[in-house]
Amino acid sequence: MALSPLAFSGTLHDHHQCVAHALSQATQLCQQRDVRLTPLRRRVLELIWCSHKPLGAYTILESLHVDEGRRAAPPTVYRALDFLLQQGLIHRIASLNAFIGCIHPDKSHVGQFLICTECGNAAELETPLIADGIALQAKTLGFSIESQVIEIIGHCAVCQQRKSS
């Protein structure tokens with residue numbers, strides 16, 4: 001099982017390093033796949049990785065305007081998000097209508113997320129046992145899975161600690 005525990009660790013880390021790693025990996029993967037990671041696509045990916053909180057498209061739009069003074073149109077940002085989704089560089093959290101960086105963009109996998117309702121942080125898990133169990137049950141029922149995202153809503157340890165204090 002692989003996971004991205006930093007979202008819920010309660011410890012500070014070099015977030016610039018994890019953003020830089022994600023951008024470097026995205027650049028490399030796009031080169032390998034012979035697709036263009038345009039400056040706007042790269043900036044949208046960077047904005048998504050700048051937090052452990054999933055971001056909505058309009059939050060990204062606003063950040064582009066505030067940070068860079070550029071007024072991107074919603075369709076432009078949605079096209080960038082579509083590209084990043086197609087390349088497996090981000091995931092969409094349907095319940096929040098928001099996006100989060102993918103911890104394993106180099107391989108196809110089922111998105112599994114722990115989402116804290118208090119702080120808004122989310123952590124991606126990769127638990128093959130769960131994905132395999134769902135696939136087996138679907139196959140038994142003659143169901144063909146097109147996509148699968150598992151969202152688990154709750155409270156992280158840091159927020160639980162804050163509540164009990």
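I take buried to mean under 20% relative accessible area, exposed over 50%, and partly exposed in between (1.4 Å probe, protein chains only).

**Ground rules.** I am looking at a predicted model, where local features need pLDDT of at least 70, side-chain atom pairs count only at pLDDT 80 or more, and totals for chains, interfaces and linings use all residues. Residues are numbered from 1 along each chain as its sequence is written, and side-chain values use heavy atoms, with hydrogens and water left out.

Entry 1: I looked up the UniProt record, an unreviewed entry, and it places the feature "binding site" at C116, C119, C156 and C159. They span 44 residues in sequence, yet no two of their C-alpha atoms are more than 8.2 Å apart, so they gather at one spot. I keep in mind that such annotations may be inferred rather than shown by experiment; the positions use the numbering here, and feature names are shortened.

I then checked two of these residues. C116 belongs to strand 4 (residues 111-116) and is buried, with a relative accessible area of 3%. C156 sits in the loop between strand 6 (149-154) and helix 6 (157-164); it is buried too, at 7% relative accessibility. My helices (H or I, at least four residues) and strands (E, at least two) are DSSP runs, numbered from the N terminus.

**Entry 2: around strand 4.** What does strand 4 pair with in the parallel sense? I found strand 6 there, joined over six bridges, with I115 opposite I153. I call two strands paired if DSSP finds at least two bridges between them.

On strand 5 (residues 122-126) I noted four bridges to strand 4, and these two run antiparallel. Q112 faces L125 in this pairing. Strands 4 and 5 make a hairpin with five residues between them, and G120 in the turn has a positive phi of about 85°. Five of the six residues of strand 4 are buried, so the strand is largely enclosed by the rest of the structure.

**Entry 3: two crossing helices.** I followed helix 2 (residues 39-49) to helix 4 (residues 74-86): their axes come within 9 Å and cross at roughly 75°. That makes helix 2 roughly perpendicular to helix 4 (the term covers 65 to 115 degrees). Among the residues in contact (heavy atoms within 4.5 Å) are L40, V44 and I48 of helix 2 and A80, F83 and L84 of helix 4.

**Entry 4: helix 5.** Helix 5 (residues 128-140) has 13 residues and reaches 18 Å from first C-alpha to last, close to the 18 Å expected at 1.5 Å a residue. G142 follows helix 5, with a positive phi near 75°.

Methods: Expected span 1.5 Å × (residues − 1). Axes fitted to C-alpha atoms, helices over the stretch in contact; angles between N-to-C directions. Parallel < 35°, antiparallel > 145°, perpendicular 65-115°, else oblique.
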